[in-house]
Amino acid sequence: MTDGTESQTPSFRRKGFRFDVFRLFTWVASAATVATLVCIAASILVQAWPAIAHFGLGFFTTVAWKTSDPENYGVLPYLVGTAISSLIALLLALPLGVLIAIFLSENFLAPPLRNTVRFVVELLAAIPSVIYGLWGIAVVIPIVQRIGGPIAGALGFLPLFQGPASGNSMLTASLVLALMVLPTITAISRTALVAVPGQLREGSYAIGATRWETIFGVLLPTAAPGIVAATILAFGRAMGETMAVAMLIGNSPRLTWSLLSPAGTLASLIANKFGEAEDLQVSALLYAAFALMLFTLLVNVVGELVLRRAQKSISGLR
Amino acid sequence: MSTAVFNQNLAPELKAQTFRDRLRLGRNFFWTAICVGSSFLTLIPLFSIIFLVVSNGIGLLTPSVFFELPPAPGQEGGGLGNAIQGTALMVGIAILIAAPLGILSAIYISEYDKRSMLAGAVRFIAKLLTGIPSIICGMFAFATIVVSTHTKSSIAGGVALAVLALPTILLTAEQALLGVPHALREASYGMGATKFQTIFRVVLPEAVPAIMTGLMLAVARAAGETAPVLFTATSSAYWLSSLMEPTQSLAELIYRFGKYPYPHLIQLAWTASLVLVVLVTLTNVTAQLVFGKRKRR
Amino acid sequence: MKTTSSRFAGLIALIALSPLSVYAATQLQGAGATFPAPLYQRWIAEFSKANPGIQINYQGVGSGAGIKQFTDGLVTFGASDAAMTDAQIEKVKQGVVLIPATAGSIVLAYNLPGVETLKLSREAYVGIFLGKITKWSDPAIAKTNEGVKIPDLNITVCTRSDSSGTNFVFTGHLSAVSSDFKSQVGQGTSVTWPAGVAGQGNDGVTALIKQTQGAIGYVEYGYAKNNKLPFAQLQNKAGEFVAASPESGAATLNTTQFPANILRAWPSDPDGKDAYPIATFTWLLLYKTYSDKDKLAALKKFVTYGLTDGQKLSNDLGYIPMPAEVVQKCEAALNSVQ
C-alpha cells in the first residue's frame, strides 16, 4: 500500500484491513493451540515407534523391566500400579473433598474461617510435586512404616495387606496422591453444589427437612453429575502425577497386589528410568509415555463430557 | 442469585418433641461436626509441609544463597544462583511462547468466532491440556527438541513448560474477557469504533488484571515443575553461557540434592523448596487480592 | 557486597544475552556412572577453581548411557562402573583407554542399640540375606560375637526396591561366596529378595535402617559414613573379619590383578588378609586419540589432578582412595592418550 492510496482510503477501510489481520493472528494462534495436542501425540509416537513395532500390545501384559535383558520390556506392573494408586487416592480424597466442598458452600462458620480453608485447599494445589515428595519422605514414609507392620500383622491374610511392610510403598504414594488431588475434587464439587438452584433447598426446608437431610436428599443428588465429573478428572490427575510418586513409591519392577509393598506407576517408571536409558529402552519408555498420555486423555475426555452434561442439566433446573 | 440464597441458613428450627426428631437433630449435628472437622483436617498436612520447609530451609537462606553456584558434594557454602537463573530463563521462555498463543486464542474464542467449531475445539483441547501429565510435556520436548538438537537445553525445558502454561493462560484469559461487561463493547461500537479498536482500547485494558493473574499463576506453576525439565534441561554446575546447553533449575536441584548423603546439600534442597513455596504463596495471595478487587468492583 | 551486586548484574546480563559466552573456555563434556558422580563433581569444582580457563560438565546419566554417548562421540570422556567389554571397545574407532578413577565399597549397616562392633561370618550374612537367619540371637551370629551383648530382636533385612548398580555388585559378591545364593537369587541390578523390606535408593535404605531397630541392609560406604550408621565387619576369603575403611578397601584394590594390556578387573571375592570383601572400581573412559589438542591437554590435566590431589578428597566423600601402585598404572595409561 503506497502513501497515495492510503490517504485516499476511507478510514474505516484501513481499520477494517487491520482488523482482518489481527483476526487472522488470533485464528492462527487458536489453530496452533489445537495443533499442540496433535504435535505432542505425534512426536512421542514417532520416537516410540521402534518399541511399538517391537513389542506390540504384549507390552502391556508382560512383567519385565531389567537392564540386563534389554530386548524385553513390559509395563504390566506399572499399569497395575497406576490404576491401584490412583483408585486408592480417589477413595481417600473423594469423601474428604466432597465434605470440604459442602463446608465451603454452606454457612457453618463465619466467612473468614471458610475462606481460610478455601485458601489452604488452593495452596495445596499450588505446592510443587517435588516438595510433596520431600515432605513424604520426611513425614509420610516414617508414619507408614510404623503403622504398616501392625496392619500387615492384623490383615496380612488379605493379599492387599500382605507383609513385609515397606515405608516406600503403594500406600505411601496413594496417601500423598490423595492430598494432591483433593483440591481438584473440592473445587469442581463446590462449583456443582453452588450451582444447585436455591428453590430446591427452600422447597426441602419447607417440607421440614433438616439441613443435612436437605444436603443428602436434595443438594448432593442434584450436584451428583458434577461430583462424578470431579472424580473422573481427579483420577486423570492422579494417573499422571509424577515426581512425588517417583520419590515415594519405591519404583519396584515387580507385580504386587499388596499396598504395603514397593510398586511403580507409568509416570514414576519414566521419571526413574529415562535419565539412564539408551537405545530400545528410550523408545520403550516413550511407548509407556504414549500409553499414559492416551489413558489420561481418555479419562479427561470422559470427565469433561460428564462435566458439560452436568452443567447443562443444572441449568435446565433453573 | 442462587449463591446468595445458598448462603443463608434457611433450615427451619426443628422442635425436638419426639424421639425420632431428636435423632434427626442429633444426626444433623453429627454431620456438621464431621464436615467442619474434616475441613480443618486438611490444614494439618499443609501446616506440616510449610513447617518442615521453613524449619529445614531457613538456615541457609542468606542473601548470598541467591548469587552463588551450588556447592559440589563435600563443599560448604554455595547457593542456588544458577538454579534461580535457569528457572527464571526457562519460565521466561515458556511465558514468551505460551502468553501470546494463549491470549490470542482466548481473544479468538471470546471476541471473534465464539460458536465456531475451532473455538469449541480450542476450549476442549485447552481443558484436555490442563489434564496432560507434566512428564508428558517433558517427553514431548525431548522427542522434538532434544532429539533434533542433540543436547539438553533451556530452550527444550522452556518449550516443555510452555505446554504446561498454555492452558492456564488461555482459560484464565478467556474468563477475563468474558468478565468484561457487554455494555462496554456496545458503547465502543456505538461511538464508531471497529472491532479491533474495541478489543484493544476497551476490552483488553479492562481484562488485563485478570489476565495478569492467569500469567502469574502459570509462572508459579511452571517454576515448581520438575518432570518437564528433568530430561530436557537436566542440570549444570555453571552459570548460563548459552541457550543450547544443559540448564540447572530449582526443581531439578531439589530432586537431585534431596537424594544425596551429604547433609549440606540436603539442607540446600530444603532452602530451594522454601524459595519455591514462598514464590507460590506470594503469587496465590496476590492473585486472590487482584481477583477480590475485581469482584468487589 | 561488591561481588554480590556484580554477580546480580551478571545474572541479568546473562539472561538478556544468553547466547554470548563470557569468555572462551575449553569445554569438556563427560557423562556416565552416577555412583562416582559426587566425587567427579567435587573434582571439577576444585579443579576449575585452579584452572578457570577449563570448564567441565559431568552428567550422571548411568553407566550404560555413558558408554553409549562415549561410543557415539557425543562426549569428551565417559564413565562407567562396569568398564567396557571388548565388544564395546571394538566399536570405538579412536580406540579406548580405561582408567580406574576411584573405588567404592558396600557395607552392611545395622541398627542394634548398644552394639558398636558386629562381626558377621560368611555363613551369617549370606543366611540373613537368604532369609534363613531371622533372629539376632541366632547361633551363627553369636558364635563370632562372643562378649557382645546383642539384643534379642527379629532381623529386618533392608534391600533396594529400585534397580541399581549397588544391587549388582552386592548380589555378585553373595553369588561368588554362596552357591545357594547363586541358585536361589542370583546376580542382577534388580533381584527378588527372599526376605525383608525395601527402600528406594541408597538414601531410602539408609533411612530404613535408621528408623528400624534390628535392621540390617546394604548401602554404599559413603552413605553409612555420612549418616554415621554403624556397619558390620565381614569375614573375607582369608577368614579374617574386616571393617570397611579406606585402608581395607585399598588392600582389596591392591590384590586385584589387572591383565597386561588393560586396567580392567572386578575383585568380587578378594584374597588378601586385610582385604574388605565387597569393593569395586569405577572407570573413566578416554579415547586413545583426540584431534582437538586443547581439549586433550585440558583432559590430561584434569585426570592427572583426579588421580593425584583428587584422591585426597575420596575419603571425605566415602570413596576409597586408590593405592599408589594402581595410580602409577593409571598415569602410565593416561600417558598413552594422544
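Biologist: What radius of gyration does chain A have, and what would a compact globule of 318 residues have?
Modeller: Chain A has 25 Å, whereas a compact globule of 318 residues would have a value near 20 Å. The radius is taken over C-alpha atoms, and the globule rule is 2.2 Å times the number of residues to the power 0.38. Along the principal axes, the C-alpha atoms of chain A fill a box of roughly 85 × 65 × 35 Å.

Biologist: What is the mean pLDDT of chain A?
Modeller: The mean for chain A is 88, with 92% of its residues at 70 or more; pLDDT is the predictor's confidence in each residue, from 0 to 100. Over residues 1-15 of chain A the pLDDT stays under 50. Where pLDDT is low, the predicted coordinates should not be read in detail.

Biologist: And which ipTM does the predictor give the complex?
Modeller: The complex receives an ipTM of 0.91, together with a pTM of 0.89.

Biologist: How many helices and strands are there in chain A?
Modeller: Chain A has 11 helices and two strands. Both are DSSP runs numbered from the N terminus: helices are H or I with at least four residues, and strands are E with at least two. From the N terminus, the order is α-α-β-β-α-α-α-α-α-α-α-α-α.

Biologist: How many residues of chain A are in contact with chain B?
Modeller: 81 residues of chain A are in contact with 83 residues of chain B, a contact being two C-beta atoms, placed from the backbone, within 7 Å. Helix α2 (residues 11-55) of chain A gives the most to this side, with 22 residues. By class, the side of chain A has 52 nonpolar, 20 polar and nine charged residues. Here Ala, Val, Leu, Ile, Met, Phe, Trp, Tyr, Cys and Pro count as nonpolar, Asp, Glu, Lys and Arg as charged, and the others, Gly among them, as polar.

Biologist: How many residues does the contact take from chain A and chain C?
Modeller: This contact takes 21 residues from chain A and 20 residues from chain C. The side of chain A has six nonpolar, 11 polar and four charged residues.

Biologist: How many residues has the largest nonpolar core?
Modeller: The largest core has 291 residues, and those with the most contacts inside it include Leu286(A), Ala165(B) and Leu108(C). Such a core is a set of buried Ala, Val, Leu, Ile, Met, Phe, Trp, Tyr and Cys residues joined through C-beta atoms within 7 Å. A residue is buried if 20 or more other C-beta atoms lie within 10 Å of its own, these atoms being placed from the backbone.

Biologist: Let us turn to chain C. How many residues of strand β4 are buried?
Modeller: 16 of the 16 residues of β4 (residues 96-111) of chain C are buried, so this strand is largely enclosed by the rest of the structure. Nine bridges join β4(C) antiparallel to strand β11 (residues 279-287) of chain C; DSSP must find at least two bridges for strands to pair. Val96(C) has Tyr287(C) as its bridge partner in β11(C).

Biologist: Which residue in β8(C) stands opposite Leu108(C)?
Modeller: Tyr218(C) stands opposite Leu108(C). β4(C) and strand β8 (residues 215-220) of chain C pair in the antiparallel sense over six bridges.

Terms used. Residues are numbered from 1 along each chain as its sequence is written. Chains are lettered from A and ligands numbered from 1 in the order in which they are written. This is a predicted model: local features need pLDDT of at least 70, side-chain atom pairs count only at pLDDT 80 or more; totals for chains, interfaces and linings use all residues. A residue is buried if 20 or more other C-beta atoms lie within 10 Å of its own, exposed if 12 or fewer, and partly exposed in between; C-beta atoms are placed from the backbone.
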